Amino acid sequence: MYTMQSWTCIFLIICSMQSVYHCCDWIQHHYGHLSREYLSLLDQMGGDITKQDAPVFFPTSLYRHIDDAEVEDKVRFLKETIYQITKLFDGNMKSVTWDKKKLDDFLNILERQLENLKSCVSPAMKPERRLKRYFKKLNKNVLRKMNYSAQAWELIRKETKRHLQRLDILAAQMY
């Protein structure tokens with residue numbers, strides 16, 4: 001015979017499974033569409049992507065590590081990376097020469113993607129520290145060190161594109 005505590009645990013497990021299923025279904029059917037939209041806007045909002053390299057190395061090892069992770073960890077990584085990108089774009093953008101409408105659309109779609117991913121991840125799950133540290137370095141060594149110049153923002157746009165393309169691959173590998 002089940003106790004009230006047992007039924008509560010069973011209910012929570014079923015709800016969690018439904019949430020993961022709903023989330024996985026959403027990622028499978030909608031993530032790619034929004035991703036294509038914001039990647040296109042990222043390209044359209046400015047000129048050619050700079051050839052200059054950022055002074056912060058792209059975290060390839062983090063992506064390799066997450067490729068072998070469980071689906072729940074991958075979803076958390078998607079959410080955390082998009083969150084960190086939105087934080088980057090919350091800085092002093094006075095020197096930016098990009099198309100303002102396309103920039104606003106880009107940020108709105110990115111925010112929509114983030115909100116959907118938040119509903120898939122338990123708030124109790126801790127963010128990946130190395131990913132957070134990487135974005136902190138990107139902010140410090142590119143934006144702040146270059147005084148939020150147009151050149152600094154072009155480097156951020158380039159790095160953002162790399163991350164969003166890599167996240168697209170990660171999401172596609174989940175199915």
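## H3 against H6

Helices H3 and H6 of this predicted model run roughly antiparallel to each other, a label given to angles over 145 degrees, while those under 35 count as roughly parallel, 65 to 115 as roughly perpendicular and the rest as oblique. Their axes cross at roughly 165 degrees and come within 11 Å. Here axes are lines fitted to C-alpha atoms, for helices over the stretch in contact, and the angles run from 0 to 180 degrees between N-to-C directions.

Which residues of H3 and H6 meet? On the H3 side they are Lys74, Phe77, Leu78, Thr81, Ile82, Ile85 and Leu88, and on the H6 side Trp153, Ile156, Thr160, His163, Leu164, Leu167, Leu170 and Ala171, where contact means heavy atoms within 4.5 Å. By class, this contact of H3 with H6 holds 11 nonpolar, 3 polar and 1 charged residues. In that count Ala, Val, Leu, Ile, Met, Phe, Trp, Tyr, Cys and Pro are nonpolar, Asp, Glu, Lys and Arg are charged, and the others, Gly among them, are polar.

## H3 against H4

H3 also packs with H4: the two axes come within 9 Å and cross at roughly 145 degrees, again in a left-handed crossing. H3 brings Val75, Leu78, Lys79, Ile82, Tyr83, Ile85 and Thr86 to this contact, and H4 brings Leu110, Glu111, Gln113, Leu114, Leu117 and Lys118. These residues divide into 8 nonpolar, 2 polar and 3 charged.

Let's look at some of the H3 residues one by one. Valine 75 lies in helix H3 and is buried, at 3% relative accessible area; buried means under 20%, exposed over 50% and partly exposed in between, with a 1.4 Å probe and protein chains only. From its C-alpha to that of leucine 170 is 9.2 Å, although valine 75 and leucine 170 are 95 residues apart in sequence.

Is lysine 79 buried or exposed? Lysine 79, also in H3, is buried, with a relative accessible area of 17%. Beyond its neighbours within four places in sequence, lysine 79 touches Leu114, Leu117, Lys118 and Val121. Tyrosine 83, another residue of H3, counts as partly exposed at 32% relative accessibility.

## The nonpolar core

The largest nonpolar core has 48 residues, of which Tyr31, Phe89, Phe106 and Leu164 touch the most other members. Such a core is a set of buried Ala, Val, Leu, Ile, Met, Phe, Trp, Tyr and Cys residues joined through side-chain atoms within 4.5 Å. Two or more residues come from each of H1 (4-44), H2 (60-67), H3 (71-88), H4 (100-118), H5 (129-144) and H6 (150-173). Leucine 164, neighbours within four places in sequence aside, is in contact with Ser35, Tyr38, Leu39, Leu42, Ile82, Ile85, Phe106 and Leu110.

## The whole chain

The protein has 6 helices and 0 strands, helices (H or I) being DSSP runs of at least four residues and strands (E) of at least two, numbered from the N terminus. Of its 175 residues, 40% count as buried. Among contacts between residues at least 6 apart in sequence, 87% join residues at least 24 apart.

## Notes on the model

Residues are numbered from 1 along each chain as its sequence is written, and side-chain values use heavy atoms, with hydrogens and water left out. In this predicted model, local features need pLDDT of at least 70 and side-chain atom pairs count only at pLDDT 80 or more, whereas totals for chains, interfaces and linings use all residues.

Definitions and conventions. A crossing is left-handed if the near helix is turned anticlockwise from the far one by less than a right angle, and right-handed if clockwise.
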